Amino acid sequence: MSKVLTLLMLLTLLMIGCNNPSNSLETPTVEDSATEALFRMGDWATVQEFIKTNEGKVVVVDIWSTYCAPCMKEFPRLIGLQDKYSDEIACASFNINYAGLPDQTPETDIEFIEPFLKRHGHSVDHIISTVNDEEIYAELEIYAIPAVLIYDKDGKLTNKVLEENAYESTIYPRVAEMLGQSQVTGESDAQQN
């Protein structure tokens, strides 16, 4: 009798799930407010579309993971850069938590990524990779994260920064130069604590 009951319950759940209009093939997003998505799922082509859409602005793409402590430590600097120069630059975060393991999907780590992104808000475009991290490393010819890519106003890659604590030493000065400004400043570790 218990096998029949279990089978009936599974069939009922399947029928409810299949008839649920929220089960669609659309790219998942998480809503932080009624009108604005906190993040979207995508691959490197999604990031390239972001760069193309922001032609005429300096674009900064920060590639990160919740498994990378230096990435998370520097993340507020990306947000600060966007907040300070919102009319002149466009920043995006590209999360590569997905490793393509047998028991993992691109959505598996959203429970870890989402709270982190909620703390940092909507000032940058947050994209979570649907492609495993090794494929991203190979496609971008990078060997580690944190990695920050800087594109000029024509969408041409000008800098690929693969070092920790790079915002003050490399990214802020390069963005300032590209914007024709004498100095772009950000938070230092002392200011964050």
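A residue counts as buried here when its relative accessible area is under 20%.

**Figure 1. The whole fold, before we zoom in.** This is a predicted model, and 43% of the 193 residues of the protein count as buried. You will find 7 helices and 7 strands in the protein. Among contacts with a separation of 6 or more, 67% link residues 24 or more positions apart. The accessible surface amounts to about 10900 Å², and carbon and sulfur atoms hold 53% of that area.

**Figure 2. Helix α3 alongside helix α6.** Two packed helices are described by the angle between their axes and the distance between the axes. Here the pair is α3, residues 69–84, and α6, residues 166–179; their axes come within 11 Å and cross at roughly 20°. Angles under 35 degrees count as roughly parallel, and α3 and α6 are therefore roughly parallel to each other. Their crossing is right-handed. On the α3 side, the contact is made by E74, R77, L78 and L81, while α6 brings A166, Y167, E168, I171, Y172 and V175. Sorted by class, this contact of α3 with α6 has 7 nonpolar and 3 charged residues, with no polar ones.

**Figure 3. Helix α3 again, now with helix α4.** Turn to α4, residues 110–120, and you will see that α3 packs with it at an angle of about 40°, the axes being 10 Å apart. The two helices, α3 and α4, are therefore oblique to each other. The crossing of α3 and α4 is right-handed. M72, F75, P76 and I79 of α3 meet F116, L117 and H120 of α4 in this contact. By class, the contact of α3 with α4 has 6 nonpolar residues and 1 polar residue, and no charged residues.

**Figure 4. A close look at V60 and its neighbours.** V60 sits in strand β3, which spans residues 58–64. Its relative accessibility is 0%, so V60 counts as buried. Leaving aside residues up to four places away in sequence, V60 touches L78, L81, A90, C91, A92, V148, L149 and V175. One more pair to look for is V60 and Y151, which lie 91 residues apart along the chain, with their C-alpha atoms separated by 6.4 Å.

How values were computed
Residues numbered from 1 in each chain as written. Predicted model: local features only at pLDDT ≥ 70, side-chain atom pairs only at ≥ 80, totals over all residues. Heavy atoms only, no water. Axes fitted to C-alpha atoms, helices over the stretch in contact; angles between N-to-C directions. Helix = DSSP H or I, 4+ residues; strand = E, 2+ residues; numbered from the N terminus. Parallel < 35°, antiparallel > 145°, perpendicular 65-115°, else oblique. Left-handed = near helix turned anticlockwise from the far one by under 90°. Contact = heavy atoms within 4.5 Å. Nonpolar A, V, L, I, M, F, W, Y, C, P; charged D, E, K, R; others polar. Buried < 20%, exposed > 50% of the residue type's maximum accessible area, 1.4 Å probe, protein only. Areas by Shrake-Rupley, 256 points an atom, 1.4 Å probe, with all protein chains shown as cover.
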